[in-house]
Amino acid sequence: MMRTSTMRITIPDINQVCEEHRLYTDLIPDQAHILELGCGKAEKTRAIAKDDRVAYLLALETDEIQHTINLTHTDLPKVQFALGGAEAVPAANASFDIVMMFKSLHHVPMEKLDLAMAEIHRVLKPGGLAYISEPIFAGEFNEILRLFHDESIVRQAAFAAVEGAVASGLFDLVEQKFFLAPVCYRDFAQFDENVLKVTHTRHQLTTELLAEVRNKFDARMTADGATFLAPIRIDLLRKAA
C-alpha cells in the first residue's frame, strides 16, 4: 500500500547550529550492533565506537584506497572495516539495531538507490532505525562545491529514494531534522586536501577553475581560518517491528 509522504527535502529557515553527534547519540541502545555505510575516513566511525553502548560496528566503504587506509586502524576493537556499498551489504538479515549513513546516500549510483533502501531494510532488526543524513543543496559552502562538483541531481535522487521507501511502506518515518553543521578549515591547503583531493571522486579542475574556487574560499578566510554553516537534513526511519 502506498502512503502519502509528508517529507520535505528542505525547509525555508534552518536555525539550529550544532555538531551532528548531538543528534544521534541518544539513538544508540545498549549492546548496539551498528552498520555504517560509506564510512569515508572513519572519523564518525571512531567517535561512535568509543560509546560504551556499542558492541559491534561494521563500517563499509566503496573507495578501495580509503578502505586500505581504514584497515590500518588497529585501535578500534569493536569495528570491522569492509569493502562494499549500500546496494549489496555483506551481512545477514536482521543483523543491526541501527544503520547510519552520513552524507553518503547520494554517492550511491542513482539506478541502485532503491536497492540500497531495500538492503538497509533487510539488514535491520524489526524495529531498527535507519539514520540518514544528507547535505542540502544550499548555503555558502555548497556554492563553492558546485563550481566543480554540482550534486543537485544526485541529492534530489537520494531524497526521492528515501521518500519512496516511506511512501511504499518499507519504512515508517520517525522524524526529520534540519540543522546547520559547522565546517571549518584552517586554510585553503586543508580544503584542497580534504575536499579536492578525496580519492572517492576524481575532481579535474582547470587552472582557471581552481583559481575561481580559491578566490571564493579566500573570501571567507579570517585570522582563525574559514568557517561555513552547511545545511543538513536528517531522515530517521524505522523498520516495522
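Reader: On what basis are the residues and values reported?

Author: The model is predicted, so local features need pLDDT of at least 70 and side-chain atom pairs count only at pLDDT 80 or more, while totals for chains, interfaces and linings use all residues. Residues are numbered from 1 along each chain as its sequence is written, and side-chain values use heavy atoms, with hydrogens and water left out.

Reader: How many salt bridges does a search of the whole structure find?

Author: Side chains of opposite charge can pair when their charged atoms come close. The criterion is a side-chain nitrogen of Lys or Arg within 4 Å of a carboxyl oxygen of Asp or Glu. By that criterion, the search finds twelve salt bridges. One of them joins Glu119 and Arg122, with N to O at 2.6 Å.

Reader: Where do Glu119 and Arg122 lie?

Author: An α-helix has 3.6 residues a turn, so residues three or four places apart point the same way. Here both residues belong to helix α4 (residues 113-123), three residues apart, or about one turn of the helix. Helices are DSSP runs of H or I with at least four residues, strands are runs of E with at least two, and both are numbered from the N terminus.

Reader: Which salt bridge links distant parts of the chain?

Author: Arg220 forms a salt bridge with Glu140, the closest N and O atoms being 2.5 Å apart. Arg220 is in the loop between α8 (207-218) and β7 (226-238), whereas Glu140 is in helix α5 (residues 140-145), 80 residues apart.

Reader: What is the strand order of the open sheet?

Author: Strands of a sheet pair through backbone hydrogen bonds, either parallel or antiparallel. Two strands count as paired if DSSP finds at least two bridges between them. The seven strands run in the order β3-β2-β1-β4-β5-β7-β6, with mixed pairing. At the edges stand β3 (79-83) and β6 (172-185), each with a single partner strand, so one side of each has no neighbour in the sheet. Strand β5 (residues 124-135) pairs with β7 in the antiparallel sense over seven bridges, and Pro135 stands opposite Ile232 in β7.

Reader: Which residues of α4 are buried?

Author: They are Leu113, Ala116, Met117, Glu119, Ile120 and Val123. Their cover includes β1 (32-37), β4 (96-102), β5, α6 (152-167) and β7.

Reader: Which residues of the largest nonpolar core touch the most other members?

Author: In soluble globular proteins, nonpolar side chains tend to be buried together. A nonpolar core is a set of buried Ala, Val, Leu, Ile, Met, Phe, Trp, Tyr and Cys residues joined through side-chain atoms within 4.5 Å. The largest has 30 residues, of which Leu35, Leu37, Leu105, Met117, Ile120, Phe171 and Leu237 touch the most other members. Helix α6 gives the most to this core, with seven residues. Apart from this core lies another of 26 residues, among them Cys18, Phe81, Leu129 and Leu236.

Methods. Buried < 20%, exposed > 50% of the residue type's maximum accessible area, 1.4 Å probe, protein only. Contact = heavy atoms within 4.5 Å.
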